[in-house]
Each structure stands twice: as C-alpha cells, then as structure tokens.
Amino acid sequence: MIERKRKPRNGIVDPPDVSPPIPEYIDRGNKEPLEQKKARLLYQSRKRGMTENGLLLSTFAALHLEKLTESQLKMYDSLINKPTNDWDIYYWITGKLHLHICLWAIISHLETKPTPAQYDNEIMDMLKQHTKNEDRQVRLQQPTLY
C-alpha cells in the first residue's frame, strides 16, 4: 500500500499522522474522592511528556492545588488531561512558540494558536499569570513532594 501525503494548504505540507492513537480521557466525575483527585493531579502535573510543562505545571500545582475549589480542580483536570499534545498546552500557557516554530511562523506569517474556548477559563488565567513569574522565583527543578 502506498502512503499518500496530504495536499499542501497555504504552502504547508501536512504529513499523515502515523503516531499510535492516544486513548480518550475518561472523566472520573464525582466518583473520585477529593484527596485522591488532588494526589492524582499532583502526580500528573509532575509527570508530563516534556520537561517544560513538568516544571510549569508542577510548580503551579505546588502553589495552588490545595486551595482550588472542586470546580477549579475539574477545569485543571480537563486542561492537563484532555489535550493530546503537550506542546499545545505549553503554547497556550506561555503564549510563545519555540525558536524553530517561531522562524517558520515568521516565514509563513503564521501566529500562535489562541487558547481554545473550552480551556480559556480562570485556571488558564492562573497558569498564564504563574508562567509570567513576576516575582522572579527560581524554578529550575520540580518542587519536592514532602
């Protein structure tokens, strides 16, 4: 069988996705005890597919996770578990692209993707503020667990 490339859109070649499928996230709803949910979210904030998000989300979780309401915990859970691409989360939080993508964006006159409406909420606002690091805290490693 011959694999065909998708036709270029706006001069951009979009190769076929040959990665294994990612299982769909299943919302645990109210079945999960609150302390168990917080422990799971703390773990998931630390164990990301990329170091950048691990640092951003683990330091955010260390500062805010215990104070979040159930509604906010649900938003945070959705944000870190539903998107299938950790780079998307990174771009939404920081509003920046990495150098190789920035160069492509300049060449192609592309802009960063805005945060999708389903994730554009108070948790995303808190994450964006945390990422600005206006207090200039040193965040070179994940916080200790205990």
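Helices in these legends are DSSP runs of at least four residues, numbered from the N terminus, and the structure shown is a predicted model.

View 1. The protein chain holds six helices and zero strands, so that, read from the N terminus on, its elements follow the order α-α-α-α-α-α. Of the 146 residues in the protein chain, 35% are buried, while the accessible surface comes to about 10,700 Å², with 55% of that area belonging to carbon and sulfur atoms. When contacts between residues at least 6 apart in sequence are considered, 65% of them join residues that are at least 24 apart.

**View 2. Helix α1 and the residues buried along it.** Helix α1 covers residues 34-46, which is 13 residues, and it reaches 19 Å from its first C-alpha to its last, close to the 18 Å expected at 1.5 Å a residue. Within α1, the buried residues are Lys37, Lys38, Arg40, Leu41, Gln44, Ser45 and Arg46, and the cover over the buried residues of this helix includes α2 and α3.

**View 3. The crossing of α1 and α3.** The axes of these two helices, α1 and α3, come within 11 Å and cross at roughly 35°, and the crossing is left-handed. On the side of α1 the contact is made by Leu34, Lys37, Lys38, Arg40, Leu41, Gln44 and Ser45, and on the side of α3 by Glu70, Leu73, Tyr76, Asp77, Ile80 and Asn81.

**View 4. The largest nonpolar core, with Tyr76 as one of its members.** This core has 22 residues, and those with the most contacts inside it are Leu65, Tyr76, Leu79, Ile93, Ile123 and Leu127. At least two residues of the core are supplied by each of α2 (51-64), α3 (70-81), α4 (86-94) and α6. If its neighbours within four places in sequence are left aside, Tyr76 is in contact with Leu41, Ser45, Leu57, Phe60, Ala61, Leu65, Ile123 and Leu127.

**View 5. Asn133, in the segment after α6.** Asn133 has its place in the segment that follows α6 (122-132), and its phi is near 50°, a positive value in a residue other than glycine. Asn133 counts as buried because its relative accessibility is 14%, and the cut-off for a buried residue is under 20%.

Terms used
Residues numbered from 1 in each chain as written. Predicted model: local features only at pLDDT ≥ 70, side-chain atom pairs only at ≥ 80, totals over all residues. Heavy atoms only, no water. Buried < 20%, exposed > 50% of the residue type's maximum accessible area, 1.4 Å probe, protein only. Core = buried A, V, L, I, M, F, W, Y, C linked by side-chain atoms within 4.5 Å. Contact = heavy atoms within 4.5 Å. Expected span 1.5 Å × (residues − 1). Areas by Shrake-Rupley, 256 points an atom, 1.4 Å probe, with all protein chains shown as cover. Axes fitted to C-alpha atoms, helices over the stretch in contact; angles between N-to-C directions. Left-handed = near helix turned anticlockwise from the far one by under 90°.
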